Amino acid sequence: MSKRQFRIEVFKGVFSSAFYDDEEKETQLEQLFNQDVQYDKLALSEKESKEANAKCQDILENISDIDKAIEKALDNWSINRIGKVELAILRVAVYEIQYDKLEPAIAINEAVEIAKEYGGDKSGAFVNGILAKIAN
């Protein structure tokens with residue numbers, strides 16, 4: 001599986017967690033990444049499933065700090081106004097920059113491409129702007 005496809009699966013896990021209570025998130029992520037119940041099209045190996053689940057769990061454990069970084073980059077906006085798709089993409093990218101120590105340019109490019117695919121018409125530009133502020 002490509003690194004981008006892996007990121008997309010992590011994004012989907014973070015995105016889906018927004019629809020569950022805190023007590024349910026861990027169970028829901030385990031089910032999402034459980035090989036026995038996955039759709040064939042995901043084609044995650046057992047190792048990739050475990051890694052994606054672990055990365056989602058780590059993002060959720062650090063969500064407070066990640067969201068603070070996002071909020072600092074917002075001009076006259078509240079984090080609550082960000083669409084769930086864009087917010088999940090931002091959370092994954094900020095995590096990769098701050099915790100995985102991924103080169104910011106790579107994280108930003110990947111996030112923008114995912115935003116173009118899964119978000120609205122202006123999602124790519126929005127994600128790019130927020131992440132550029134965070135990277136600086």
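Visitor: Experiment or prediction?

Guide: This is a predicted model.

Visitor: OK, helix packing. At what angle do helix 5 and helix 7 cross?

Guide: Roughly 30 degrees, and their axes come within 10 Å. Helix 5 covers residues 84–98 and helix 7 covers residues 123–135. Angles under 35 degrees count as roughly parallel, so helix 5 and helix 7 are roughly parallel to each other.

Visitor: Is the crossing of helix 5 and helix 7 left-handed or right-handed?

Guide: That crossing is right-handed.

Visitor: And which residues make the contact?

Guide: On helix 5 you have Glu86, Ile89, Leu90, Ala93, Val94 and Gln98. Helix 7 brings in Ser123, Phe126, Val127, Ile130, Leu131 and Ile134.

Visitor: How many of the residues in that contact are nonpolar, polar and charged?

Guide: Between helix 5 and helix 7 it's nine nonpolar, two polar and one charged.

Visitor: What about helix 4 against helix 7, what's the angle there?

Guide: About 105 degrees, with the axes 9 Å apart. The range from 65 to 115 degrees counts as roughly perpendicular, so that's the label for helix 4 and helix 7.

Visitor: Which residues of helix 4 and helix 7 make the contact?

Guide: Ala69, Ile70 and Ala73 come from helix 4, and Ile130, Lys133 and Ile134 from helix 7. By class, that contact has five nonpolar residues, no polar ones and one charged. Ile130 and Ile134 also turn up on the helix 7 side of the contact with helix 5.

Visitor: Switching to rings. How many aromatic pairs are there?

Guide: The count comes to five aromatic pairs. One of them joins Trp77 and Phe126, at 5.9 Å centre to centre with 45 degrees between the planes, which makes it tilted.

Visitor: Where do Trp77 and Phe126 sit in the chain?

Guide: Trp77 is in the loop between helix 4 (63–73) and helix 5, while Phe126 is in helix 7. They're 49 residues apart, so the pair links distant parts of the chain.

Visitor: What touches Tyr95 and Tyr99?

Guide: Asn62 is in contact with both, leaving out residues up to four places away in sequence. Asn62 sits in the loop between helix 3 (46–61) and helix 4. With 17% relative accessibility, Asn62 counts as buried.

Visitor: Which rings link into a cluster?

Guide: Phe11, Phe15, Phe19 and Tyr118 do, through ring pairs.

Visitor: New topic: backbone. Which residues have a positive phi without being glycine?

Guide: Asn76 is one, with phi of about 55 degrees. Lys101 is another, with phi near 60 degrees.

Visitor: Where are they found?

Guide: Asn76 is in the loop between helix 4 and helix 5. Lys101 is in the loop between helix 5 and helix 6 (104–118). Asn76 is exposed, with a relative accessible area of 78%, and Lys101 is exposed too, at 64%.

Visitor: Back to side chains. Is Gln57 buried or exposed?

Guide: Gln57 counts as buried, at 17% relative accessibility. It lies in helix 3. Leaving aside neighbours within four places in sequence, Gln57 is in contact with Glu26 and Leu29.

Visitor: Last one, Tyr20. Where is it, and what does it touch?

Guide: Tyr20 is in the loop between helix 1 (3–17) and helix 2 (22–32). At 31% relative accessibility, Tyr20 counts as partly exposed.

Technical notes. Residues are numbered from 1 along each chain as its sequence is written. This is a predicted model: local features need pLDDT of at least 70, side-chain atom pairs count only at pLDDT 80 or more; totals for chains, interfaces and linings use all residues. Side-chain values use heavy atoms; hydrogens and water are left out. Axes are lines fitted to C-alpha atoms, for helices over the stretch in contact, and angles run from 0 to 180 degrees between N-to-C directions. Helices (H or I, at least four residues) and strands (E, at least two) are DSSP runs, numbered from the N terminus. Angles under 35 degrees count as roughly parallel, over 145 as roughly antiparallel, 65 to 115 as roughly perpendicular and the rest as oblique. A crossing is left-handed if the near helix is turned anticlockwise from the far one by less than a right angle, and right-handed if clockwise. Contact means heavy atoms within 4.5 Å. Ala, Val, Leu, Ile, Met, Phe, Trp, Tyr, Cys and Pro count as nonpolar, Asp, Glu, Lys and Arg as charged, and the others, Gly among them, as polar. Rings of Phe, Tyr and Trp (its six-membered ring) pair if their centres lie within 6.5 Å; planes under 30 degrees apart count as stacked, over 60 as edge-to-face and the rest as tilted. Buried means under 20% relative accessible area, exposed over 50%, partly exposed in between (1.4 Å probe, protein chains only).
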